[in-house]
Amino acid sequence: MLSLEHVTKRFGGLTAVRDVTLEVRAGDLLGVIGPNGAGKTTLFNLIGGYYRPDEGRIVFEERDVTGQPAHAIAMLGLTRTFQIVKPFGSLSVLDNVMIGALTRRASTRQARADAERVIDLCGLGPHAAARARALPLALRKRLEVARALATQPKLLLLDEVMAGLNPTELAGMVELVRRLHAEGLTLIVIEHIMAAMMRLAQRIVMLHHGEKIAEGTPREIASDRRVIDAYLGEEFVLAEA
Amino acid sequence: MRAILAQRWGALVLFGVAAVIPIFVRDAYFLDTLVLVLLWGALSAAWNIAGGYAGQVSIGHAAFFGIGAYSTALMGVRFQQSPWVGMLVGALLSLAAGAAIGYLSNRLKGPYFALSTIAFSQVLLIVASRWRAFTAGSEGLPVPFRPGFGTLGLGDVAWAYLILVVALLYWGIQVWLEHSRFGYRLAGVREDEDAAQALGIPSRRLKVIAVTASAALTSVCGTLWAQKVGFVDPFYVFSVDLSVRFALNAIIGGIGTALGPFLGSILITSLETYLRATLSGVKSGFTGIYLIVYGIVLILVVRFVPEGLSGLTTRLRARWTRAQA
């Protein structure tokens, strides 16, 4: 469904993403892990059309989308959420999600019906009339997901939608992601919370200094020497065992 | 939702009163004020499309006003064309200029965009005030008055109704922006451009469309103003004062609301007209005093109703409902 071929992105002297090759098949739930500054969000910005890669090719559903603008890529059915949430602050939750739904709908009436459905799915029902800016973080993260879902994506990129949540909220978000995946959505998920990642992802890719240093099932990743050294640490391995 | 309904009723009352006034009032001075209130309101509504709904705050909209005013004056004086032709020429020129400024808004953000719009209006001021052979330079240009609707030489009552129709139209465009697909998506662009793009919204194109439409609508009012007043002075029509007035009416009335620009215009225009009439005659030293009052009103509004006068109606309503309960 999505393939990255030798994608590289440099910012001046810094190479944020170096020669990354990646394959995502329909129905996948791919996890991306790595220490801060490893290039995870840069990778999303490249896939989503926010940055143009210096080298390499990005192909989505047999279509070369390298260097295409973000809105055109979103129209093809590939959308993303933002690590630092970007709600339409002064609008209501319903309006936020409606704007997403209007991507596929010509009439506001249909879009509102779509939005209400997505809002319920994401557990935002009681907050539909609230101003987005007034929501607590956990709900703003959900709103971020809801708005993206309303565009009816085929591939959804989630950038740390679980960061900063308490255990209950975290469980709810894991449940939501799992449900979306079960309903047939393909996802790439960036997350630091390994416990969640181990349970959710089918495959995990590890980035370090912009390079892909490991790829495999959660079990393989957790026992990979390079991953342990660069990211997880010995304590994690002991705790898991 | 209830807040929006309250504002729709407010608009109905406001335009209804404006429609009734010319039937009973024949006082030229009063009708003049009514025309100005509606015209400045419509101009702020035009500004609001870019500054309020699209979030592209311009302090150079006098440029488009001036283009509209000069187009009709020049078409009338130099080419003996009807004001309607002048209005069309002005609107087309403003479409082009608006598209250029709109394109600029994709390169320059916030204050830099605002500054570039001022620069643009100042460039036009220099052209208009120096190009003596064509624009008559800094002396200004009288607009030929020929009675009749085809030549926009109208009586006071006809003016009042013509401007009322324009005001209603501009108000309607804003209402449409609050309910249409385009308007919703534009709101997304205003709130967060990156997020809007992630939802498939071509944010740059939407901004250019909004700024371009705003420019053309401003130009049309510029033409009407020139026909009504009968004289085009480059230092007035391209002034920063005028650009600020468009923005200020909308900000005081409620930025990004359909009724706001008109509420702001009612307060500011009537206040200004009243103060000018009562104070300027007293002593020549008082001529600028309305500016001080202007400033005080602005401070009071920003301090006590930062969301604008249209927010006040919502708040009063909320208090009333609470008192009932």
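# Exercises on a predicted two-chain model

Strand 1 and strand 2 of chain A form a hairpin with 2 residues between them, and Gly12(A) in the turn has a positive phi of about 60°. Helices (H or I, at least four residues) and strands (E, at least two) are DSSP runs, numbered from the N terminus. Residues are numbered from 1 along each chain as its sequence is written, and chains are lettered from A and ligands numbered from 1 in the order in which they are written. This is a predicted model: local features need pLDDT of at least 70, side-chain atom pairs count only at pLDDT 80 or more, and totals for chains, interfaces and linings use all residues.

## Exercise 1: the strands of chain A

Find how strand 1 of chain A pairs with strand 2 and with strand 4.

Solution. 
- Step 1. Recall the rule: two strands pair if DSSP finds at least two bridges between them.
- Step 2. Take strand 1 (residues 2-11) and strand 2 (residues 14-24) of chain A. They pair in the antiparallel sense over 7 bridges. Leu2(A) stands opposite Val24(A) in strand 2.
- Step 3. Turn to strand 4 (residues 55-60) of chain A. Strand 1 pairs with strand 4 in the antiparallel sense over 5 bridges. Here Leu4(A) has Ile58(A) as its bridge partner.

## Exercise 2: the domains of chain A

Describe how domain 1 of chain A meets domain 2 of chain A.

Solution. 
- Step 1. Domain 1 of chain A covers 2-77 + 154-240, and domain 2 covers 85-152. These bounds come from an automatic or database domain assignment.
- Step 2. Count contacts (C-beta atoms, placed from the backbone, within 7 Å). 10 residues of domain 1 of chain A touch 10 residues of domain 2.
- Step 3. Name the elements on the domain 1 side. Strand 7 (155-159) and helix 6 (167-182) of chain A each give two or more residues. Helix 6 has the largest share, 4 residues.
- Step 4. Sort that side by class. It holds 7 nonpolar, 2 polar and 1 charged. Ala, Val, Leu, Ile, Met, Phe, Trp, Tyr, Cys and Pro count as nonpolar, Asp, Glu, Lys and Arg as charged, and the others, Gly among them, as polar.

## Exercise 3: the build of chain B

Solution. 
- Step 1. List the elements: chain B has 15 helices and 2 strands.
- Step 2. The C-alpha trace of chain B extends about 65 × 50 × 40 Å along its principal axes.
- Step 3. Check burial. Buried residues make up 47% of chain B. A residue is buried if 20 or more other C-beta atoms, placed from the backbone, lie within 10 Å of its own.

## Exercise 4: chain B against chain A

Which helix gives the largest share of the side of chain B that touches chain A?

Solution. 
- Step 1. Size the contact: 17 residues from chain B and 24 residues from chain A.
- Step 2. Find the elements. Helix 8 (181-191) and helix 9 (193-198) of chain B each give two or more residues. Helix 8 has the largest share, 6 residues.
- Step 3. Look at confidence. pLDDT is the predictor's confidence in each residue, from 0 to 100. Among the elements of chain B, helix 8 has the highest mean pLDDT, 96. The complex has an ipTM of 0.90.

Definitions and conventions. Contact = placed C-beta atoms within 7 Å. Buried ≥ 20, exposed ≤ 12 C-beta atoms within 10 Å, placed from the backbone.
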